[in-house]
Amino acid sequence: MTYLNIKAAVSGLLIAAISEIARRFPSFGGLVASLPFFLIFPALLERNVSFWLAVLAASGVTIILYGFAMWLASSLGITFK
């Protein structure tokens with residue numbers, strides 16, 4: 001139970017820190033949002049997926065996550081200029 005509480009606290013602090021940095025430095029927010037690409041792409045290459053299929057899959061997942069983030073933000077009342 002202690003481990004779960006520590007994990008939740010660290011996750012919450014990490015999310016809060018990233019959102020504050022992204023609010024002050026918008027380009028950093030874009031970097032954080034594109035992080036899934038840089039995690040998925042090398043993992044697929046390590047599993048011997050062809051380069052172009054890995055790029056396509058990682059790009060597709062990143063686009064879907066961007067769309068989900070935009071939808072979530074708009075449903076929370078966050079507007080984009």
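How many aromatic pairs does the rule for ring centres give? The count comes to five aromatic pairs, where rings of Phe, Tyr and Trp (its six-membered ring) pair if their centres lie within 6.5 Å. The model is predicted, so local features need pLDDT of at least 70 and side-chain atom pairs count only at pLDDT 80 or more, whereas totals for chains, interfaces and linings use all residues. Residues are numbered from 1 along each chain as its sequence is written, and side-chain values use heavy atoms, with hydrogens and water left out.

**Aromatic residues**

- One aromatic cluster is formed by F37, F38, F41, F51 and W52.
- F37 and F38 pair edge-to-face, at 5.3 Å centre to centre and 85° between the planes; planes over 60 degrees apart count as edge-to-face, those under 30 as stacked and the rest as tilted.
- F51 and W52 are also an edge-to-face pair, because their ring centres are 4.9 Å apart and their planes stand at 85°.
- F38 counts as exposed at 52% relative accessibility, and W52 counts as exposed at 66%; the cut-off for exposed is over 50% relative accessible area, for buried under 20%, with partly exposed in between (1.4 Å probe, protein chains only).
- F51, with a relative accessible area of 42%, is partly exposed.

**Nonpolar core**

- The largest nonpolar core has five residues, F37, F41, A54, V55 and A58; such a core is a set of buried Ala, Val, Leu, Ile, Met, Phe, Trp, Tyr and Cys residues joined through side-chain atoms within 4.5 Å.
- Two or more residues of this core come from each of α3 (35–46) and α4 (51–75), and α4 gives the largest share, three residues. Helices are DSSP runs (H or I, at least four residues), numbered from the N terminus.
- Beyond its neighbours within four places in sequence, V55 is in contact (heavy atoms within 4.5 Å) with F37 and F41.

**Helix α4 and T62**

- The 25 residues of α4 should span 36 Å, and its end C-alpha atoms are 36 Å apart, which agrees; the expected span is 1.5 Å times one less than the number of residues.
- Buried residues in α4 are A54, V55, A58, T62 and A73.
- T62 has a relative accessible area of 8% and is therefore buried.
- Leaving aside neighbours within four places in sequence, T62 is in contact with A33, S34, P36 and F37.
- A polar atom of the T62 side chain lies 3.3 Å from the backbone nitrogen of F37.
- Just after α4, G77 takes a positive phi of about 90°.

How values were computed. Polar contact = N/O pair within 3.5 Å; in protein donor to acceptor, adjacent residues only side chain to side chain.
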